Amino acid sequence: MTVESTAARKPRRSAGTKRTAAKKSPGARPDLVQLLTPEGKRVKNGEYDAYVADITPEELRGLYRDMVLTRRFDAEATSLQRQGELGLWASLLGQEAAQIGSGRATREDDYVFPTYREHGVAWCRGVDPANLLGMFRGVNNGGWDPNSNNFHLYTIVIGSQTLHATGYAMGVAKDGADSAVIAYFGDGASSQGDVAESFTFSAVYNAPVVFFCQNNQWAISEPTERQTRVPLYQRAQGYGFPGVRVDGNDVLACLAVTKWALERARRGEGPTLVEAYTYRMGAHTTSDDPTKYRADEEREAWEAKDPIQRLRTYLEASNHADEGFFAELEAESEALGKRVREVVRAMPDPDRFAIFENAYADGHALVDEERAQFAAYQASFADEGEGIQR
């Protein structure tokens, strides 16, 4: 199921049925792993503190830099789509901590299977942000070699990458390697059959895979409580492996929990489900209008939990960063935005006839007919333009 076909199948809410913020704010949940509060205060957790105990001020600044630059890139991509430079864009706004924390937990030899929104994870894996944009412009099918960064191409079909990740992890186990695999998906994809099959196979074969679910509360216009009667992380119990819910706006907690889960996998202890409880601050994609189905108060409640401001507050309070650092980062952010704009505008226009090239290996009369019809349709615009000039 594609992004657009999913949108067609899921009903939108009228303004009178918007859900209020009271149902969406996580508050102080006893099942939520948190190391950094929304106010930027460091809190202890006996089980997961060890995984970030040796983190240095430089590494903390690095996490902050990652989130800031990822957000800037994301904002530029959204603007470029609005200007007609991209066909579509799926924003990660609000999910930076979940992606950067988990992405920085991976080792170079681990393999990552993303969906279509993991721009922050791609950044952590060393994929040039400009390469992500070619696919959304329609000039390539991905733009990078998956094996050069152990980062698979974006997957538009909802949930199918979890099967790919499980199969790859089973192969890793058979090869006797000590690396791990991580698969990303959202709360909407958790309802797909492919995800359920992935859980079954990974559990039975004890595959070294981490299922990282970014629960951003909305599957396009469908809220989480319309998909499940229990928290998503609890689904793992039925398959016989652990599930953990982490504060998805807390980059330290996401880093720690993902490190723990990946280490379990490398030790041969099998799969783990990590539910990063976060919030999609923007639209599902640039073709979506979230104001039609969710209340402004809900977004405002989550803005107070912003992952970037949370870490900045902690850095400043701990004297781990000064104004010089933030000023330099702002300049770097501006430079990144400028480069992204230049790269996209230098890209060629999409080949409008490429869709006909690989439909059949040996060609087909119907495809030839459709190509000719499309060519005539395109030529009609040129004819109209010549008529106007005359």
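Predicted model: local features only at pLDDT ≥ 70, side-chain atom pairs only at ≥ 80, totals over all residues.
Tutor: Residues are numbered from 1 along each chain as its sequence is written, and side-chain values use heavy atoms, with hydrogens and water left out.

Student: Why is Ile-220 called buried?

Tutor: Buried means under 20% relative accessible area, exposed over 50% and partly exposed in between, with a 1.4 Å probe and protein chains only. Ile-220 has a relative accessible area of 4%, so the residue is buried. Ile-220 also has a positive phi of about 60°, although it is not a glycine.

Student: Why is Asn-319 called exposed?

Tutor: Its relative accessible area is 69%, and exposed means over 50%; therefore Asn-319 is exposed. Phi of Asn-319 is positive as well, near 60°, in a residue other than glycine.

Student: What makes Arg-235 count as charged in the lining of the second largest cavity?

Tutor: Asp, Glu, Lys and Arg count as charged; Ala, Val, Leu, Ile, Met, Phe, Trp, Tyr, Cys and Pro as nonpolar; and the others, Gly among them, as polar. Arg-235 is one of the lining residues, and an Arg is therefore charged by this rule.

Student: How does the lining of the second largest cavity divide?

Tutor: The lining has six nonpolar residues, one polar and one charged. Among them are Phe-185, Ser-190 and Leu-273.

Methods
1 Å grid on protein atoms, 1.4 Å probe; cavity = no way out; pocket = protein on both sides within 12 Å on 5 of 7 lines; lining within 4 Å.
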